[in-house]
Amino acid sequence: MRKISYAFFTSMQLLVAGPVAASVSVAVAEGLQGVIGYSDGKLHGSLAPLYQCVFDRAAINPSFLQVPLKRGLGYLHSGEVSMALPLAQSERRDRIGEFAGELFSTRYVFVSNRPLPPISETSGLKFGVPRSFVGRQFILEKDPLIEEVTQWSQLVAMLHYDRLDAVILPALLVEDLFGPDVVKVFQQTAGTLPVSLYLSRENLESEDMDKIKRAVKSCRTGDLVSELQ
């Protein structure tokens with residue numbers, strides 16, 4: 001009788017507590033500490049509230065893994081992680097995973113150490129981008145000179161030593177990367193893209209994807225979007 005009562009009591013506790021949040025592995029692009037990162041199992045940075053909103057509304061308990069951008073996309077493609085963020089949408093990435101819908105949009109900029117003519121009308125410049133970075137699509141030159149790096153911070157150093165003419169960055173990352181020297185650099189708008197998270201088709205069911213997409217749509221309608229744009 002005691003065993004039956006205990007089992008009944010435990011079941012009632014679970015019903016009262018509501019559904020348990022699903023544990024989901026999430027790759028976070030490294031090198032974006034002021035914008036998004038994690039410590040002690042929690043996201044931090046200016047984008048953290050938006051993504052936390054998605055996790056809360058989708059009843060997700062995220063388990064974070066911080067990796068270089070290219071490796072995170074590889075893990076997403078192979079199903080080693082269920083999600084990767086923060087990621088702008090592109091045709092190439094749409095072949096790797098499922099875009100969860102626009103959570104916010106962000107502006108991308110060309111950053112240089114000296115004033116440059118309109119970059120869309122200039123040829124022969126040497127650009128720097130992280131590997132697998134979506135921003136390279138804004139380079140319109142037919143055969144551009146592009147130096148790929150692993151870390152965002154490498155771009156700053158290479159620009160400082162005149163090893164590059166310009167780098168491409170999300171505008172919200174410029175101040176974080178350059179710090180006080182941000183006043184010394186020059187910026188040109190490259191374009192704007194929708195940003196969200198990508199979902200793995202390998203280890204997420206369609207109903208789970210739909211639930212996350214609904215959460216993204218719901219969180220996008222909040223006040224945080226206008227504050228970040």
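One cut-off before we start. Buried means under 20% relative accessible area, exposed means over 50%, and partly exposed is in between. Keep in mind that this is a predicted model.

Strand β7 comes up to begin with. It covers residues 104-112. Is β7 mostly buried or exposed? Eight of its nine residues are buried, so the strand is largely enclosed by the rest of the structure.

Now its partners. Strand β11, residues 186-199, runs antiparallel to β7, and nine bridges join the two. For a landmark, look at T106: it faces L193 in β11. Strand β10, residues 166-170, also pairs with β7. That pairing is antiparallel too, with four bridges. Here the landmark is V111, which sits opposite V167 in β10.

On to charges. Side chains of opposite charge can pair when their charged atoms come close. How many salt bridges does a search of the whole structure find? Seven. I'll take three of them.

Start with E98 and R201. Their closest N and O atoms are 3.1 Å apart. E98 lies in strand β6, residues 98-99, while R201 is in the loop between β11 and α7. So this pair ties together parts that are 103 residues apart in sequence. E98 has 22% relative accessibility, so it counts as partly exposed. R201 is at 40%, and that is partly exposed as well.

Next, D165 and R114. The closest N and O atoms in this salt bridge are 3.2 Å apart. Again, distant parts of the chain are linked. D165 is in the loop between α5 and β10, and R114 is in the loop between β7 and β8, 51 residues apart. Which side of the cut-off does each fall on? D165 has a relative accessible area of 18%, so it is buried. R114 comes in at 38%, so it counts as partly exposed.

Last one: D181 and K184. Their side chains meet in a salt bridge at 3.4 Å, N to O. D181 is partly exposed, at 38% relative accessibility. K184 is at 57%, so it counts as exposed.

To recap: β7 is largely enclosed, with β11 and β10 as antiparallel partners. E98 and R201 bridge parts 103 residues apart, and D165 and R114 are 51 apart. Over to you.

Definitions and conventions
Residues are numbered from 1 along each chain as its sequence is written. This is a predicted model: local features need pLDDT of at least 70, side-chain atom pairs count only at pLDDT 80 or more; totals for chains, interfaces and linings use all residues. Side-chain values use heavy atoms; hydrogens and water are left out. Buried means under 20% relative accessible area, exposed over 50%, partly exposed in between (1.4 Å probe, protein chains only). Two strands pair if DSSP finds at least two bridges between them. A salt bridge is a side-chain nitrogen of Lys or Arg within 4 Å of a carboxyl oxygen of Asp or Glu.
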